[in-house]
Structures are given as structure tokens and as C-alpha cells.
Amino acid sequence: KMRIPGVGGEVFNRAGGTAVTLPGSELYTSLQTGVIDAAEFVAAYNDRSLGLHEVTKYYYFPGWQEPGPTLELVVNKDAYESLPEDLRTMVDVAAREANADMLDLYTAYNQAALAQLKASGAVDVRQLPDAILLELQRHAEAYIGELIANDPVAAKVYASWKPFADGAKIYHRTAEQAFMRARDLAEIATGER
């Protein structure tokens with residue numbers, strides 16, 4: 001039994017688990033008392049802040065169900081379009097800035113919290129095995145296939161998103177992943193990584 005909401009929860013159920021939806025405020029006690037066996041929350045910073053490392057033995061990565069944080073701003077379309085252009089621009093820029101600031105802060109806070117978790121030895125930090133990730137991916141693709149087959153809006157979003165995601169994947173292998181590997185070559189060569 002794992003606290004994991006949304007699409008990730010559906011995929012977890014299909015993989016043989018039992019997804020449970022709980023608010024973050026109930027995770028510590030639910031883990032402590034055995035109501036759930038595992039929890040997916042936000043990332044190292046929030047997990048550590050909630051004290052989840054005090055009631056768990058393992059900390060698994062990557063967060064396969066949630067590739068990254070994004071803030072959402074919902075605005076009535078008619079009200080937004082009735083604004084003068086300069087005010088629409090202000091709303092657009094403020095939304096982008098809030099999202100970028102949140103991503104920057106979480107990048108800083110999460111790396112510090114993960115380092116603290118590792119250094120403390122409170123939990124055993126482990127990478128999910130490839131076989132498990134592949135199985136979860138298989139279930140996710142099947143579920144998404146059902147969604148886009150049964151929902152025209154989901155199909156439209158997917159048709160727009162999928163080519164972008166495929167292109168970004170290729171780009172990141174060539175750029176970010178290759179760059180990070182290049183930065184880690186000394187550690188790889190000496191066996192430190």
C-alpha cells in the first residue's frame with residue numbers, strides 16, 4: 001500500500017500495488033502505524049521536512065511518476081482576454097517567474113536535503129531497478145493509450161505533447177545528460193561514482 005495519487009496511483013495499481021490517497025499531513029502517522037507501506041510525496045526537501053526518514057528505511061529514486069514540479073494558474077478566459085494587453089503581459093510574466101522561482105528554490109532545497117539524508121544514514125538511498133521502471137512504464141503507456149482512445153481532449157493534448165517530449169528526450173541525451181556525464185568523468189574514472 002503506497003500513498004500515490006493521480007495517474008501514478010493508477011499505474012501503481014496496475015503494477016500490482018494498492019494506491020492510497022492521503023494528505024501530506026497524514027503521511028508520517030500512516031507510515032508509522034502501518035496504514036501504508038510507502039509514500040510518494042514531493043521530493044527530498046518536503047520528505048525530510050515531514051520527517052518521513054524517521055519512519056521509513058529506504059528512499060528510492062527516481063520519482064518516475066512526477067518528472068518535475070509545475071505551478072498552475074487558472075484564470076477565466078473571458079476575464080483574461082478582457083484585460084488590456086499590458087496587464088495580460090504582467091499576468092503571463094508573473095506566472096512564468098513564479099514557476100521558475102519555485103523550480104530554482106526546489107533545486108537548491110532538494111539537493112541540500114538529499115545530501116543531509118545520505119549523510120545522516122537515516123535511510124538507505126537506492127535507485128529503483130531498471131526492471132521495475134520498465135514495468136511501470138509499460139503500465140503507464142497502456143493507461144495513457146486508454147485515456148487518449150476514450151477522451152478527445154486527452155488525445156488532442158497528447159498529439160501536441162508527444163512530438164515535443166520525444167524531441168526533448170533526444171535533445172537532453174545530447175545536451176544535459178552528456179554534459180552531466182562529462183562533469184562526472186573524473187569520478188567515473190576513479191570509481192567514486
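Author: A helix, as the word is used here, is a DSSP run of H or I that holds at least four residues, and helices are numbered from the N terminus. The model before us is predicted. In it, helix 1 is followed by G16, whose phi is positive, near 110°.

Reader: How many helices and strands does the protein chain have?

Author: The protein chain has seven helices and five strands. Their order along the sequence is β-α-β-α-β-α-β-α-α-β-α-α.

Reader: What are the spans of the C-alpha trace along its principal axes?

Author: The C-alpha trace of the protein chain spans about 55 × 45 × 30 Å. As to its surface, the chain exposes about 13,500 Å², and carbon and sulfur atoms supply 57% of that area.

Reader: How many positive and negative side chains does the protein chain have?

Author: There are 18 positive and 27 negative side chains, and the centres of the two sets lie 6 Å apart.

Reader: What share of the residues of the protein chain count as buried?

Author: A residue is called buried when its relative accessible area is under 20%, and exposed when that value is over 50%. By that rule, 18% of the 193 residues of the protein chain count as buried.

Reader: Which residues are buried in helix 1?

Author: In helix 1, which covers residues 6-14, the buried residues are G8, G9, V11 and F12. These residues cover an arc of only 160° around the axis, and therefore they lie on the same side of helix 1. The general idea is that an α-helix has 3.6 residues a turn, so residues three or four places apart point the same way.

Reader: What covers the buried residues of helix 1?

Author: Their cover includes strand 1 (2-3), strand 2 (19-20) and helix 6 (130-150).

Reader: Is N150 buried or exposed?

Author: N150 lies in helix 6. Because its relative accessibility is 65%, N150 counts as exposed. The side chain of N150 reaches the backbone oxygen of E146 at 2.9 Å. N150 and V11 are 139 residues apart along the chain, and their C-alpha atoms are separated by 17 Å.

Reader: Is N110 buried or exposed?

Author: N110 lies in helix 5, residues 85-120. At 17% relative accessibility, N110 counts as buried, since the cut-off is under 20%.

Reader: Which residues does N110 touch, not counting residues up to four places away in sequence?

Author: Two residues are in contact when heavy atoms lie within 4.5 Å. With residues up to four places away in sequence not counted, N110 touches A43, A44 and Y45. For the whole protein chain, among contacts between residues at least 6 apart in sequence, 62% join residues at least 24 apart.

Reader: Where is the place of I188?

Author: I188 is in helix 7, residues 152-190. Its relative accessibility is 32%, so I188 counts as partly exposed. Not counting residues up to four places away in sequence, I188 touches R181 and R193.

Reader: One matter of the backbone remains. Which residues does a cis peptide bond join?

Author: A cis peptide bond joins F61 and P62, with omega about 0°. P62 lies in the loop between strand 4 (58-61) and helix 4 (77-82).

Terms used
Residues are numbered from 1 along each chain as its sequence is written. This is a predicted model: local features need pLDDT of at least 70, side-chain atom pairs count only at pLDDT 80 or more; totals for chains, interfaces and linings use all residues. Side-chain values use heavy atoms; hydrogens and water are left out. Helices (H or I, at least four residues) and strands (E, at least two) are DSSP runs, numbered from the N terminus. Buried means under 20% relative accessible area, exposed over 50%, partly exposed in between (1.4 Å probe, protein chains only). Accessible areas come from the Shrake-Rupley method with a 1.4 Å probe; for residues, only the protein chains shown count as cover. Lys and Arg count as positive and Asp and Glu as negative; His and the chain ends are not counted. The place of a charge is taken as NZ of Lys, CZ of Arg, CG of Asp or CD of Glu. The arc is that of the directions from the helix axis to the C-beta atoms. A polar contact is a pair of N or O atoms within 3.5 Å; within protein, one must be able to donate a hydrogen and the other to accept it, and residues adjacent in sequence count only if both atoms are side-chain atoms.
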